[in-house]
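Please consult the structure below alongside the text.

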Amino acid sequence: MNDMNNTGCWTLDEIHTSGSLGEKAEIFQSGRGNVSGFSSPALIPLCAPLLPPNAQTAGTTLNKGNRSNKEGEESSTSPIPNPFPELISSTISPLVSECLLPWTKSSAHQPCTGYEAYPNSELHLAANRGVIKVYNEDNTSRAVEVPSDITARDVCQLFVLKNHCVDDHSWTLFEHLSHLGIERTIEDHESVMEVLSGWGLDTDSRLYFRKNYAKYEFFKKPLDFFPDHMVSISSETNGLINHSELIQTFLNSSTCPEIHGHLHAKEQGKKSWKKFYFVLRRSGLYFSNKGTSKEPRHLHLIADFSDSDVYTLLSAKKIHGAPTDYIFCVKSAKCSSARDLKLLCADDEQTRTCWVTAIRLLKYGMQLFQNFIHPHQRQKTSPMRSISENSLVAMDFSGQRSRVIENPSEVLSVAVQEGLSWRRKSCHRLSSHGSPSTSQSSIPNIALHLAQPWFHSKMSRDEAQRLITQQGLVDGVFLLRDSQSNPKTFVLSLCHMQRIKHFQILPVDDAGELYYSLDDGHTRFTDLIQLVEFYQLNRGVLPCKLKHHCARITL
């Protein structure tokens, strides 16, 4: 870390998965982990490209993927051997035999080799390091050099430190395949380089960094994710499972709950969709060719998740003509085109969430639970607060003499009172010229809430629904925005029971003073910050309390 490489850019060799969080913070706070200055879409290597010994000659250089000779030496036309032969897998045999659904005739596709620098790639591997480019919601991006064995959790922690975000363990890395119109959550333990190695040539594939509050919510509230009518112990006993033991049964390798229900399936080569009865077991996903029968002779295998992942689709109803918007798909590691996707469509969001969550649990099992509890264990064993921070005490300066506050409840009360006092003083300073009018008193209100992470200004209703859906359909996810129909009002967009509802915030003028209200003036607030703080503690007229705000950051 003391020297710079030939390109003038610091490497991140010391940022290893086993490294401490403080070491990662030191690198990013000094700006040494930023390599976003690349001008070319094809990320230039940070050191000499890795070539096999027989391809390295003294008179040969690499420039834009073409080999040229110096001093009039004769050009070489022999191909460069692949330095990573272990990444090329053998041809796959079809997963399923001849049956009614379209995916029974699978053709083998030549897999793409990873870790090569090609024009539209987001990755270039150099020795034991690689460069990845990560995007956020507004498509701004940052490139960073990372170790070859870095995980998705490590990448999220690096960007949390770099952008000074609050690490509430909801930050997530997403795999976004634009050419297929699909995306999925990259699990915290997954190797980012392995994910990128599966991307095809000349495909617009990206990594996105954003919040996902629903990532591990099913460990806290399994009843919200697994309805009774979709879950049973097994086809043999046909008994119902106790939901208090549901997650434990998923994690147990010897047992597994059975997920069953109707889904719409896209017929291959056709625009039509057909409804089938599906059954999800540890051995894979099946459909029945005879009603709701679970007899072995009627069940046909659709997907084995040992080499497949589950994705959600973007604009599925418009592109694929799906019956509803609640569509997901199973993609094999060898899948290269949209026609190879196994498209499935649910009737509502809860049904889709149940299937997708169950597939994740069946595929990763106990590893998901370890991902969930790991941040909490780390907080207990190695708290982030420094010795100086632990020595701080709360003080009260409201009286003639200052005093130390020892009661924790009083500490919180005094902090709230000081915050409200500061806000009133700020409003008074901004509207101190003459008597406060409606237009004058609105100035401080605008100045206060515009800087809040939960306020998204001129965002449309559809954009708000898309952002909340992306960041997790769990109770209490919210944002505030300007009203598109009435410029003088605001709108609170809130998720409850996996549905997004919109509440209009109306301005109330009382004797020249401007207030905001959600209930026609019965409960009034001087500004939007006060309104949000109130409904974070009280449900009031809302279906649930405000819990998680949708945040956007600039990388």
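Which residues does Thr 353 touch, not counting residues up to four places away in sequence? They are Phe 225 and Gln 498, where a contact means heavy atoms within 4.5 Å. The structure is a predicted model, in which local features need pLDDT of at least 70, side-chain atom pairs count only at pLDDT 80 or more, and totals for chains, interfaces and linings use all residues. Residues are numbered from 1 along each chain as its sequence is written, and side-chain values use heavy atoms, with hydrogens and water left out.

**Helix H8**

- Thr 353 lies in helix H8, which spans residues 349-364; helices (H or I, at least four residues) and strands (E, at least two) are DSSP runs numbered from the N terminus.
- Thr 353 is buried, with a relative accessible area of 13%; buried means under 20% relative accessible area, exposed over 50%, and partly exposed in between, with a 1.4 Å probe and protein chains only.
- Arg 352 forms a salt bridge with Glu 349, their closest N and O atoms being 2.8 Å apart; a salt bridge is a side-chain nitrogen of Lys or Arg within 4 Å of a carboxyl oxygen of Asp or Glu.
- Both Arg 352 and Glu 349 lie in H8, three residues apart, which is about one turn of the helix.
- Both partners are buried: Arg 352 has a relative accessible area of 10%, and Glu 349 has 12%.

**The five-stranded sheet**

- An open sheet of five strands has the order E22-E21-E20-E19-E23, with mixed pairing; two strands pair if DSSP finds at least two bridges between them.
- E22 (513-517) and E23 stand at the edges with a single partner strand each, so one side of each is left without a neighbour in the sheet.
- E21 (residues 499-510) is joined to E22 by five bridges in the antiparallel sense, and Val 508 has Tyr 515 in E22 as its bridge partner.
- Helix H13 (residues 461-470) packs on the sheet, touching E19, E20 and E21, and its direction makes about 155° with that of E19.
- Helix H14 (residues 528-537) also packs on the sheet, touching E19, E20, E21 and E22, at about 160° to the direction of E19; axes are lines fitted to C-alpha atoms, for helices over the stretch in contact, and angles run from 0 to 180 degrees between N-to-C directions.
- Strand E19 (residues 477-482) is mostly covered, with six of its six residues buried.
- E19 pairs antiparallel with E20 (residues 490-496) over five bridges, in which Arg 481 has Val 491 as its partner.
- E19 runs parallel to E23 (residues 548-549), joined by two bridges, and Phe 478 stands opposite His 549.

**Salt bridges elsewhere**

- A search of the whole structure finds 16 salt bridges.
- Asp 347 forms one with Lys 275, the closest N and O atoms being 3.4 Å apart.
- Asp 347 lies in the loop between strand E16 (342-345) and H8, and Lys 275 in strand E11 (residues 273-281), so this pair ties together parts that are 72 residues apart in sequence.
- Asp 347 is partly exposed at 39% relative accessible area, as is Lys 275 at 43%.
- Asp 510 forms a salt bridge with Arg 524, with the closest N and O atoms 2.8 Å apart.
- That pair links E21, which holds Asp 510, to the loop between E22 and H14, which holds Arg 524, 14 residues apart.
- Asp 510 is partly exposed at 35%, and Arg 524 is partly exposed at 38%.
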